[in-house]
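Subject: Structure handover

Hello,

Here is the structure for your files. My notes on what turned up follow below it.

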Amino acid sequence: MIPLEWMPPLMFGGLIVFMLIGFPVAFSLMAAGLFFAGIAIGENFFGMPFLQAIPQRIFGGVLANDLLLAIPFFTFMGAILERCGLAEEMLDSMGQLFGRIRGGLGYSVIIVGFILGAITGTVAAQVIAMAMISLPVMMRYGYNMRYATGVLAASGTITQLVPPSLVLIVLADQLKTQSGSADVGSMYLGAWGPSLLQIGLFALYTFFLSRFRPDYLPAAPENELTLKGWPLWKQCLMGIIPSAVLIFLVLGTIMTGIATPTESGAMGAMGALLLAWIRRATIPNLKGLIQEAYQNTMRITAMVVFILIGSTCFSVVFQGVDGGHWVEELFSNLPGGWIGFLVVVNLFVFFLAFFLDFFEIAFIVVPMLAPVAVKLLSPVLLASMNGNPQAAASAALVWFGVMLCVNMQTSFMHPPFGFALFYLRGVAPKEVKSSDIYWGALPWVALQLIMVVVVAAFPSLVTALLDKPAAVIQSQDFNFTGGDEAKPNAPPSKLDEDAPVVFQLDKSIK
């Protein structure tokens, strides 16, 4: 006989065992869910008809979810832009523009990483493209190898936070509770403040490093700076203007309410195709590029859908054995209130990111934490939302989601599964040591953790751009009584119930 309160922790332990055996995550989730469903039915925790909720949730929440249609559109857009030559031109022009100052190539990589993040949404595309172009130039100029590899990897992960990030779309889909939900438009608005601050933090680190260790970040030799004046600005604008148009097509239409995330993703995909066609002279095989983009899109979309189906199976069974109540009790009773909750959750997600990628964390952990986050974080934002509980609940989920997004950036930067480091290792020259890549990532991981602390400490950084509802009218202004004196402590009687009620206003109406 297994007690019911043992089932939720046993399910987590079973999931870890399935993954250690070597099962893919999607099938580990399904296997753990169905295995413990059999145990729960045998222990009479729920009956066989309860499992009908699994196919209903899969068809209603996954296959019929219009929001998830945005994922293949954004993936296809990023795959096209990865190889259309836009990144090469932007890095070359920005390198010429900032090359005369110490750390100029670092600044150009950070800026281009931010711009590409706003139009591609894929880490692999950014890291590979920027490393292949900028790393040989940095090595030729004599940049410190650890700084060069670190700034390239960190600038590639910026795309996880900068809209239209796939992470924000997935989090918006998972952050849904009975009290409120986080829509994609609100997540995008909330992410702008932290993403801009993160760019500033990266640039500030580069600035101080160039002052204290000038030999690490030398200026470019004058003979390498071939463009000046209007030709240089023209080349910069040739990369910035198409990027700005795509950013408006994707983000501007969502934030202004013109289009849904799926519709804006479709416009972004068409814009990427149009840009590739305009630049067809610089693309050796445009048809092959589009075919490869379709294949990459199909592969990533299938992976996401299978993980979603597996997580749905796991979560239904988990809720059936009172897992939601177990998680709420576990995190609600932490010392320190909402501050203790944020500290524990962020440490938990940070260490999970050593072994799981952001899709797996978002689909497994986030739905369990969302109800607790609403309960603990909504009172913190109630005053800033004009006392509107529903608006405070939705804003709390946006704040919580953006904070997790900043945290999950580190999953691409630290061992043993730092995919940005793997991508960098795959395209870096042989003379670049793996130890330089891993040691070079540590300062940037520390900067990202500082960003987590800043977002947790200053929620207005996320909620400043969110819609503020009208102030709620306080009912205390009026006192409706059954006579001349209010008697709140007097027990009701039959005589009082039959007596006529007189409504009296405390304040006179002028």
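Phe351 is partly exposed, with a relative accessible area of 48%, in a model that is predicted. Its partner in an aromatic pair is Phe350, which counts as buried because its relative accessibility is 13% and the cut-off for burial is under 20%. The ring centres of Phe350 and Phe351 are 5.4 Å apart and the planes are at 75 degrees, an edge-to-face arrangement.

The count of aromatic pairs comes to 15. Another of them is formed by Tyr147 and Trp444, with ring centres 5.9 Å apart. The planes of these two rings are at 50 degrees, so the pair is classed as tilted. Tyr147 lies in helix H8 (residues 145-157) and Trp444 in helix H20 (residues 434-457), so the pair links distant parts of the chain, 297 residues apart. Both residues are buried: Tyr147 has a relative accessibility of 4%, and Trp444 has 1%. Tyr147 and Trp444 also belong to one aromatic cluster, together with Tyr143, Phe202 and Tyr205.

On helix packing, helix H1 (residues 7-21) and helix H2 (residues 25-42) have their axes 9 Å apart and meet at an angle of about 140 degrees. The two are therefore oblique to each other, since roughly antiparallel would need an angle over 145 degrees. The crossing of H1 over H2 is right-handed. On the H1 side the contact is made by Met7, Leu10, Met11, Gly14, Leu15, Phe18 and Met19. The residues they meet in H2 include Val25, Leu29, Phe35, Phe36 and Ile39. By class, this contact has 14 nonpolar residues, three polar ones and no charged ones.

Leu86 is in helix H5 (residues 86-98) and is buried, with a relative accessible area of 1%. Beyond its neighbours within four places in sequence, Leu86 is in contact with Ile119, Gly239, Ser243, Leu275 and Arg279.

Thr463 is in helix H21 (residues 460-463). Thr463 is likewise buried, at a relative accessible area of 4%. Leaving out residues up to four places away in sequence, Thr463 touches Leu381, Met385, Ala395 and Lys468.

Regards

Terms used
Residues numbered from 1 in each chain as written. Predicted model: local features only at pLDDT ≥ 70, side-chain atom pairs only at ≥ 80, totals over all residues. Heavy atoms only, no water. Helix = DSSP H or I, 4+ residues; strand = E, 2+ residues; numbered from the N terminus. Buried < 20%, exposed > 50% of the residue type's maximum accessible area, 1.4 Å probe, protein only. Contact = heavy atoms within 4.5 Å. Axes fitted to C-alpha atoms, helices over the stretch in contact; angles between N-to-C directions. Parallel < 35°, antiparallel > 145°, perpendicular 65-115°, else oblique. Left-handed = near helix turned anticlockwise from the far one by under 90°. Nonpolar A, V, L, I, M, F, W, Y, C, P; charged D, E, K, R; others polar. Phe/Tyr/Trp six-rings, centres within 6.5 Å; stacked < 30°, edge-to-face > 60°.
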